[in-house]
Amino acid sequence: MALVSCIFAGLSISAGARMLLEMMQRKMLVREIMAGLRAGGLKPSKYRNVYSILRQREADQADILNIDGQWALAEWHPERRPRSNLLDVKKSPKRNFAE
């Protein structure tokens with residue numbers, strides 16, 4: 001699929017990656033996502049930055065997943081539990097150390 005050269009202009013890497021995954025309808029490696037974002041008009045970024053941004057989106061919004069080194073939309077894999085900060089975690093009661 002050929003990308004229009006300005007389709008991701010004005011988007012963040014995070015939003016552009018999600019949009020790219022929706023358009024391509026397949027799991028993608030970080031390098032493939034980077035190439036797609038560049039082809040769509042975003043400035044080049046380092047691998048570690050793009051990977052970090054994708055991991056942060058996975059944790060914060062839980063709409064993308066890393067599956068064996070490839071990135072996919074969470075809706076394609078409803079059986080997989082996302083690595084998310086949004087999930088309710090039972091917190092232990094706070095202790096009062098002033099006593």
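Tyr47 and Tyr51 lie four residues apart in helix H3, and therefore about one helical turn separates them. In this predicted model, a search of the whole structure finds two aromatic pairs, and Tyr47 and Tyr51 form one that is stacked, with 6.4 Å from centre to centre and 5° between the planes. The chain that holds them contains three helices and two strands, which follow the pattern α-α-α-β-β when read along the sequence.

**The aromatic cluster**

- Tyr47 is partly exposed, with a relative accessible area of 36%, and Tyr51 also counts as partly exposed, at 31% relative accessibility.
- The rings of Tyr51 and Trp71 have centres 6.0 Å apart and planes at 70°, so this pair is edge-to-face.
- This pair links distant parts of the chain, since Tyr51 belongs to helix H3 and Trp71 to strand E2, 20 residues apart.
- Trp71 counts as buried because its relative accessibility is 0%, which falls under the 20% limit for burial.
- Taken together, Tyr47, Tyr51 and Trp71 form one aromatic cluster.

- Helix H3 covers residues 47-60, and at 1.5 Å a residue its 14 residues should span 20 Å, which agrees with the 20 Å between its end C-alpha atoms.
- The buried residues of H3 are Val50, Leu54, Arg57, Glu58 and Ala59, and what covers them includes helix H1 (13-24), helix H2 (30-39) and the strands E1 and E2.
- After H3 comes Ala62, a residue whose phi is positive, near 55°.

**The nonpolar core**

- The largest nonpolar core has 16 residues, and of these Ile33, Leu54 and Trp71 touch the most other members.
- Helices H1, H2 and H3 and strand E2 each supply at least two residues of this core.
- Leu54, which is among the buried residues of H3, touches Ala17, Val30, Ile33, Ile64 and Trp71 when residues up to four places away in sequence are not counted.

- Strand E1 (residues 64-67) and strand E2 (residues 70-73) run antiparallel and are joined by four bridges.
- One of the residues that take part is Asn66, whose bridge partner in E2 is Trp71.
- The hairpin of E1 and E2 has two residues between the strands, and Asp68 takes a positive phi near 50° there.
- In a regular strand, side chains alternate between the two faces of the sheet.
- Ala72 and Met28 are 44 residues apart along the chain, while their C-alpha atoms are separated by 6.8 Å.

**The chain as a whole**

- Of the 99 residues in the chain, 34% are buried.
- Among contacts between residues at least 6 apart in sequence, 50% join residues that are at least 24 apart.
- The accessible surface of the chain comes to about 6900 Å², and carbon and sulfur atoms account for 52% of that surface.

Conventions: Residues numbered from 1 in each chain as written. Predicted model: local features only at pLDDT ≥ 70, side-chain atom pairs only at ≥ 80, totals over all residues. Heavy atoms only, no water. Buried < 20%, exposed > 50% of the residue type's maximum accessible area, 1.4 Å probe, protein only. Contact = heavy atoms within 4.5 Å. Areas by Shrake-Rupley, 256 points an atom, 1.4 Å probe, with all protein chains shown as cover. Pairing = 2+ DSSP bridges. Expected span 1.5 Å × (residues − 1). Core = buried A, V, L, I, M, F, W, Y, C linked by side-chain atoms within 4.5 Å. Phe/Tyr/Trp six-rings, centres within 6.5 Å; stacked < 30°, edge-to-face > 60°.
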